[in-house]
Amino acid sequence: MTIEAKPQPKILLTGATGCIGGRLLDALEANGRPVRCMTRRPEALNGKVGPQSSIVRGDCFDPASLAAAFSGVETAYYLVHSMGGSTDFEARDREAARNFGDAARVAGVRRIVYVGGLGAAEGLSKHLRSRHETGEVLRASGVPVIEFRSGIVLGAGSLSFELIRALVERLPVMVCPSWVRTPTQPIALADLVAYLVASIDLSHGESRLFEIGGADVVSYREIMREYARQRGLRRLLIPVPLLTPRLSSLWLGLTTPVYARVGRELVDGLRNATVVNDAAARTAFPITPLGLRAAITRATGEEDEAFATTPWSEGALASGTVLRWGGVRIRSRIIHSAAVDLPVGTDAAFAPIRRIGGDRGWYCGDWIWRLRGLFDLLLGGVGMNRGRRDPENLAAGDVLDCWRVDVCEPNVRLRLTAEMKLPGRGWLEFDVTPRDGGGSRVRQTAVFDPSGLWGRFYWHALYPIHVLLFGGLLRSVARRATASAP
């Protein structure tokens, strides 16, 4: 973790631990802009901030902590809300925005950039009303404010996207109240971030408000249908006129309890149309937003890329939810991971990993692997008889029995993609890292992205077998590595 690095950043970013803030941090750094990240928990950004950026401790509910954060800042991004932390989140949102705006004015900040919510002023839900009020409080500070009002954000980690995903993945049949026909204009997370980055280059002056959305005006029903189509899921949506948003929020708590606390407030606002009525953003920014289909495709594709490059560790796994049965869940994926420390170097530790499969077998429970392969052949799959190209070495793209090599970094990492018939997608990964003082650590991680309810049932029903097979495989790798070491 870097605390207050070299050049004085002119950009202050709040909310960098969140979905939008984290992506914005990456985009700003990619553009060569040093950023100062303000957070109540600096340790939460450990390893997530580039060398040109810095971290400072600050709390919008503690005015005395803000002065150091604003020193030398010209543009401050305000991506803070209190909806998940308090039943009286509206009052807390006003207080936090007031403290932030006052500190920005005292420090001579030239611009605050804020993301609010679309929706007409009349009859707003508590959530949308609070989003509008926050913008008003920031403007009342006297600092010019660029406020972007957006509809739901389609991107991995966005609460609205995760709610839609959870409902579609878990419910083959959905009873849909009238709010599923409410018009909305969802925006891709990448497009929202592009607007936020581009706002820095606007000429300084008075406050401005921009309504932003994607290329398509659709209903929530259409969003769910498109997500289901791209995931290959058949979903029956039954419209009923009686289920009010309030009852819907209770239903949400039963089906998606992880998101229930803040999701109920969001569902209560689904009666409000969230459509762009002012095209000023289209003329002010050189951005062409994606439509619904492309936005969902991009969201899932970016998530795949992020998972493919994630080095699994205790810290990475800690970001997920520990299940009572089945491992750890991170967004839509379920993960089982275990590690073993070995008194050998990384080359010796990796040797049995690169030799796995083919004529040598899978070191543990070979008859179970063969039985699974036979079952796969009966389903029209590839089975376990494809072997491997070379008995000693692997390379990206190689076939390995029922797997294909996705990544092979000698003495560092092997990542396999399952090509057997599965109700979802699966990966098996081995990571080898040197230990301080000598030796190495081998971590084995199985990742499953279940497709619908059947996919979840498949993983949880076979979890004891997964634990047996993968645990035995890891122990066998350890024994072979230790035995073969000089």
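The following legends describe close-up views of a predicted model. Residues are numbered from 1 along each chain as its sequence is written, and side-chain values use heavy atoms, with hydrogens and water left out. As the model is predicted, local features need pLDDT of at least 70 and side-chain atom pairs count only at pLDDT 80 or more, while totals for chains, interfaces and linings use all residues.

**View 1. The open sheet of seven strands.** The strand order is β3-β2-β1-β4-β5-β6-β11, with parallel pairing. Two strands pair if DSSP finds at least two bridges between them; strands (E, at least two residues) and helices (H or I, at least four) are DSSP runs numbered from the N terminus. At the edges lie β3 (54–57) and β11 (208–212), each pairing on one side only. From one strand to the next, the twist averages 20°. Strands β1 (residues 11–14) and β4 (residues 75–78) run parallel and are joined by three bridges; I11 has T75 as its bridge partner in β4.

**View 2. Helices packed on the sheet.** Helix α1 (residues 19–30) touches β1, β2 (35–39) and β4, and its direction makes about 155° with that of β1. Helix α4 (residues 126–140) touches β4, β5 (111–117), β6 (145–150) and β11, at about 165° to the direction of β5. Contact means heavy atoms within 4.5 Å; axes are lines fitted to C-alpha atoms, for helices over the stretch in contact, and angles run from 0 to 180 degrees between N-to-C directions.

View 3. R372 lies in helix α14 (residues 366–378) and is buried, with a relative accessible area of 19%. Buried means under 20% relative accessible area, exposed over 50%, and partly exposed in between (1.4 Å probe, protein chains only). The side chain of R372 reaches the backbone oxygen of K421 at 2.7 Å. Leaving out residues up to four places away in sequence, R372 touches M420, K421, L422 and Y458.

**View 4. The largest nonpolar core.** This core has 40 residues, and I353, W362, W403, L414, L428 and L473 have the most contacts inside it. Such a core is a set of buried Ala, Val, Leu, Ile, Met, Phe, Trp, Tyr and Cys residues joined through side-chain atoms within 4.5 Å. Helix α16 (residues 463–484) gives the most to this core, with eight residues.

View 5. The buried residues of α15 (residues 452–461) are G452, G455, R456, Y458 and W459. They lie on the same side of α15 because they cover an arc of only 160° around the axis, taken from the directions from the helix axis to the C-beta atoms. The face turned away from this buried side carries the exposed residues W454 and F457.

How values were computed
Polar contact = N/O pair within 3.5 Å; in protein donor to acceptor, adjacent residues only side chain to side chain.
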